Amino acid sequence: MPLNSLYFCNFANIFWLYMAIRYKEYTGLNLPATEQEILAKWAEDQSFEKSISLRNGAPSFVFYEGPPSANGMPGIHHVIGRTLKDLVCRYKSMKGYQVKRKAGWDTHGLPVELGVEKMLGITKEDIGKNPSAGQAGISVEEYNAICRREVLKYKDKWDELTTKMGYWVNLSDPYITFENKYIETLWWCLKELYKKKLLYESVSIQPYSPAAGTGLSSHELNQPGTYKMVKDTSAVVMFKAVKDEKSKFLFDAAQSDELFFLAWTTTPWTLPSNLGLTVGANIDYVLVQTFNPYTHLPIHVVLAKALIHTYFKAEDENGDFERYSPPAKTLPWKILREFKGKDLETISYEQLLPFKANSAEAIREITPGADPFRIMLGDFVTTEDGTGIVHTAPAFGADDYKVGKKYNIGILTMVDREGKFIEGLGEFSNRYVKNYKDQEDYADVNVDIAVKLKKENRAFKIEKYEHNYPHCWRTDKPVLYYPLDAWFIKTTALKGRMVELNKTINWKPKSTGEGRFGNWLENMVDWNLSRSRYWGTPLPVWRTEDGSEEKCIGSIHELNEEIKKANEVLGGNVNENYLHNGILDLHKPYVDEVILVSNTGKPMKRIPDLVDVWFDSGAMPYAQWHFPFENVEIFAQNYPADFIAEGVDQTRGWFYTLHALGSLLKESVQEELQKAGIEVNDEKYPGLAFRTCVSNGLVLDKNGNKMSKRVGNVVDPFATIEQYGADATRWYLITNASPWDSLKFDLQGIKEVQRKFFGTLYNTYQFFALYANVDGFAFKEAYIPLDQRPEIDRWILSSLNSLKKRVTEYMDDYEPTHAGRAIEDFVDEHLSNWYVRLCRRRFWKGEYEHDKICAYQTLYECLETVLQLMAPVSPFFCDALFNNLNAVSGRNKAISIHHTLFPEPDAAIIDAALEERMQMAQDISSLILSLRKKVNIKVRQPLRKVLIPVQNKQMKDQIIKVEDLIKNEVNIKEIEYITEGNGFISKKIKPNFIALGKKLGAKMKPVSTAIASFTQEDIATIETEGVYTLHVNGEKIPLQLSEVEIQSEDVPGWMVANKGMLTVALDVTLTPELESEGNAREIVNRIQKIRKDNGYELTDRILVKLSENTALKPSITEYNTYICAEILADKLEWLPDITNGIDIEINDIPLKILVTKKV
RNA sequence: AGAUCCGUAGCUCAGCCUGGUUAGAGCACUACACUGAUAAUGUAGGGGUCACCAGUUCAAAUCUGGUCGGGUCUACCA
């Protein structure tokens, strides 16, 4: 080896050792592996913690984490929601805000309890027993201990997913809803509401299982198999109207002293409890004259017009009343009068089944001042089935209760909790309304009621009716809707405020807030807060046995004081277990053991109810900081949230409870803040819990079905991330569909993202690293001003700044999908397929000097910026590449891309004209390539000329500036511009519809036909004159040049292609000179391929031997210098014969060639 | 039942707010090219009654009303 070669070799090694680092080059794109490295780095550098501490003192951006329940495994749908949360937080952090993200766990509630019951194989009845006293079952203490343990069963899995998917949230200090401090804040909230009289007890109509003796939650009612088709006795019964001023118009029309309202029921057992009838205000009703089909007495009845034909045959209308005689098959009928439901309001009727127990006195005893047996208006009435008049028994239907309350008709509960009629109902007393006791000789009381009504001329139609009815999932017996005591929050009291504040919330998408949420608010009812379960936040209300006195407790301290007081007053062993250390666990059964004392010295026991878990999560803004007991300052800075995001299914869940509590507690919160000396105003603390809310849609499987374990179409997020990487998964989830559209999840889509976007980005980076390493580019030279860079650099930088602008706008508008798509477009269309493609030579050709440095600086900046722009969405790969770039250049001091500031667009760099002409260059090139394709002339074969017709000077100037790019790209020698007047090109004209449409209106059609038949001369006329007078239907219509669009269509004798306003004509003549040059290019191409096949390094020089006997020799000789320069050879050696060479063919001419490495 | 979102190529989606005359991308398929970025790229091709019906308009994928289908939430009803 020659001395100098050795020297160079060593020098190179030493050189690189000295530099210590080159841009890292990869052997292949492996996203999961890169992510592992980055995760390790983040952990080591504490990148997340630093991303927050770096922003100390900066304005805060407040994010609330909706607490997931960790008693189920996380699924892929959790990944999309969390990606959305994460990207917003990362973005805001990069925009300079401090974004604290406290994690949280939802730990109470029915799903937890049901899971535990299932695991233990027990039912609700087994809980609360005393096994040590020999009872079968489990104590509340033990049960709750198991719930506490089980609820965080999958916490590790959740934490793992959080980490692996790159969700930055503070897992080390989460809020947990079962902790005493958390519950204490909930108690504070409840007491505040209590003090304001917003917390009250009342009855509500709930599903109730008499067989099991317990109320059922809606969750239980939604268990599979609870709704069953059953056949029940249904009855259309006749309520007799009372004649008075209000009903006079009906009696007048009937010309009778007796008329009836028809009402339908599938539960005749509710009839003794009937107190009203409900009609729809705008439903049409009719008064019909007919006969009772059972008693055959002539009658007058009222029912909805739309339902006439379910009871009467059309052909019997106005039938012969005189000749009706039983047992007649036909029932003649006649409409006497038609009216609206609202005309019936408050008309009275006689009680249908009067007994002692449901007498007027009994009713007023229960509800003093009640005014029953009247017709009411309700919006729930339909004409789907029945009669359009709804029998209303407030005790046994939620709608009935609501409308009954409005009209103050009282309430009758003629059925006890065992499901049987109470005393005082005559022959029906003590009979079960359904066969709840499995009696063999059970006689259906509903049938007996129907029979009685038939006999009394009070039944119009009795039949078996098959319908879907809910059953208790435990006993399989039909459920009753039954009035049960419950605690409510009077949300309706602040409805106005909630509606108003909702208008200030930025909802994404808007429709969720205006439609789904707004509607929900409009139809708000009071919040039923109580649950009769075991594992949850206890309602902190104690009450004396007679119910005359009660206390609501608002803190642990207060409770402990009351505990002591009760012991002192009541004496004995009252609360003896809680005197020393106070209460240590606020859950059942401990709170229930505590006895308090009333102001008059009576003992008080706790109401056994728990609080709806939605209260837990809705109070999370306060409870997560243990407000107001601690952290008042922190709370003040973190309330309300700037941003929350959850699935759209939370609209009436978390979103609602957050919003409701925000409104309800506004004054309480402001007071506490003021007490702590914090400045309070309505702008800062408007009683709003969140300012922006993004609701994301569902994740469906690729066929559009809901993912469910049962169907087995769930996607395992861990496997997905492991195989394709979190980056590609996140990018796919975000860019494929807007977050609020439901997403059809398809792994093929992730593969596509991986290949198309990350693959392209990776290639671009690899390309840069490859050559930058060769040239030792480390961005050490001064930043070259734009005006000293070539046009194409200025273009890509302009385009880059336009991109920054768009991405920023989209991100600020919570439209990450559009932001992501814009980035994709840029990387693919602009950076990779135009800039890099056109500039390749600049990187590997020539010396390391001005133009090359420009190219490196430009590409570096593009890469760096794109990585920053995509960082919020896909945080791993960009951080890796960013670090690789920085390791060499040291341009940015941040140790992670997530600590940098989001790129700010520079308007001065954006050059719209430049971007426009580059688009033209791309389009023109594309057109020329398509023409080449058509005549089958490959790009390596140079062509002489293209013609481009130009509309005006400005267009010509634009194209001239990119002329060289086009010529290079499509291998054309010359571009010739043709302008007006030479008659060389033929043109096409069409109306400018927008301009003309406004002016012409209805005359548009004939005018556009006229324009379509313009000749070339006509077009020339309007072009030169600027105006053309059309004659349409004898009317003169002047046509301005600006009202039409003219474009070149054809150049006779040339190959032509169009796109929009652009037209290109290609000269496809091949001269011997052009062919010769084409041959030379072919040779270069073949030899480059051989170099590559032989595995030579980029910089290796080669020796080339060619066989002399070829027709190609003149071409090759002519372009000898060019060829040698391209292939890195000193010279081309011609030999008569080559033994080891490779046979190739160029344009059908054979050639033998031998390439070896020069040593 | 009510509310809401969605329905555009075989698949995933733009375009719709602000109506304008060849309805676009990508994937997949076919063919041909190109390539010292190569799991890339270009060009060409097939593939659409823009779910349906009605209305407004000179003009509707776009605006209005309705219908149908799918998803979700809420409610559960005589």
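Predicted model: local features only at pLDDT ≥ 70, side-chain atom pairs only at ≥ 80, totals over all residues.
A sugar or linking oxygen of RNA strand B sits 2.8 Å from an N or O atom in the side chain of Glu-752.

## Around the RNA

| Residue | Protein atom | Atom of RNA strand B | Distance |
|---|---|---|---|
| Glu-752 | side-chain N or O | sugar or linking oxygen | 2.8 Å |
| Arg-821 | side-chain N or O | sugar or linking oxygen | 3.1 Å |
| Arg-837 | polar backbone atom | base nitrogen | 3.3 Å |

How many residues surround RNA strand B? There are 56, and the closest are Trp-264, Val-390, Tyr-481, Arg-940 and Arg-1091. By residue type, this surface divides into 17 nonpolar, 19 polar and 20 charged residues. On the RNA side, 60% of the atoms within 4 Å of the protein belong to sugar or phosphate, and the rest belong to bases.

Let us move on to the nonpolar parts of the protein. In soluble globular proteins, nonpolar side chains tend to be buried together. Here the largest nonpolar core has 128 residues, and Tyr-23, Phe-768, Ile-823 and Tyr-835 have the most contacts inside it. Helix H26, which spans residues 747–775, gives the most to this core, with twelve residues. A separate, second core has 73 residues, including Ile-607, Ala-619, Val-680 and Ala-689.

What does Phe-768 touch? Leaving aside residues up to four places away in sequence, its contacts are Tyr-23, Phe-777, Tyr-856, Leu-859, Tyr-860, Leu-863 and Leu-885.

Strands of a sheet pair through backbone hydrogen bonds, either parallel or antiparallel. One open sheet in this model has four strands in the order S19-S18-S21-S20, with antiparallel pairing. Its edge strands are S19 (550–552) and S20 (596–597), each of which pairs on one side only. S20 is joined to strand S21 (residues 603–606) by two bridges, and the two run antiparallel. Across this pairing, Leu-596 stands opposite Met-604 in S21.

Strand S21 also holds Arg-606. Is Arg-606 buried or exposed? Its relative accessibility is 7%, under the 20% cut-off, so Arg-606 counts as buried. The side chain of Arg-606 makes a polar contact of 2.7 Å with the side chain of Asp-592. A polar atom of the Arg-606 side chain also lies 2.8 Å from the backbone oxygen of Leu-539. Beyond residues up to four places away in sequence, Arg-606 touches Pro-538, Leu-539, Val-541, Trp-542, Lys-588, Val-591 and Asp-592.

## Strand S3 and its partners

Our last stop is strand S3, which covers residues 199–209 and is mostly covered: eight of its eleven residues are buried. Ten bridges join S3 to strand S14 (residues 480–489), and these strands run antiparallel. Within that pairing, Tyr-208 has Leu-480 of S14 as its bridge partner.

S3 also pairs in the antiparallel sense with strand S4 (residues 214–215), over two bridges. There, Ser-209 stands opposite Thr-214 in S4. S3 and S4 form a hairpin with four residues between the strands, where Gly-213 takes a positive phi near 70 degrees.

Methods
Residues numbered from 1 in each chain as written. Chains lettered and ligands numbered in written order. Heavy atoms only, no water. Pairing = 2+ DSSP bridges. Core = buried A, V, L, I, M, F, W, Y, C linked by side-chain atoms within 4.5 Å. Buried < 20%, exposed > 50% of the residue type's maximum accessible area, 1.4 Å probe, protein only. Contact = heavy atoms within 4.5 Å. Near = heavy atom within 4 Å. Polar contact = N/O pair within 3.5 Å; in protein donor to acceptor, adjacent residues only side chain to side chain. Nonpolar A, V, L, I, M, F, W, Y, C, P; charged D, E, K, R; others polar.
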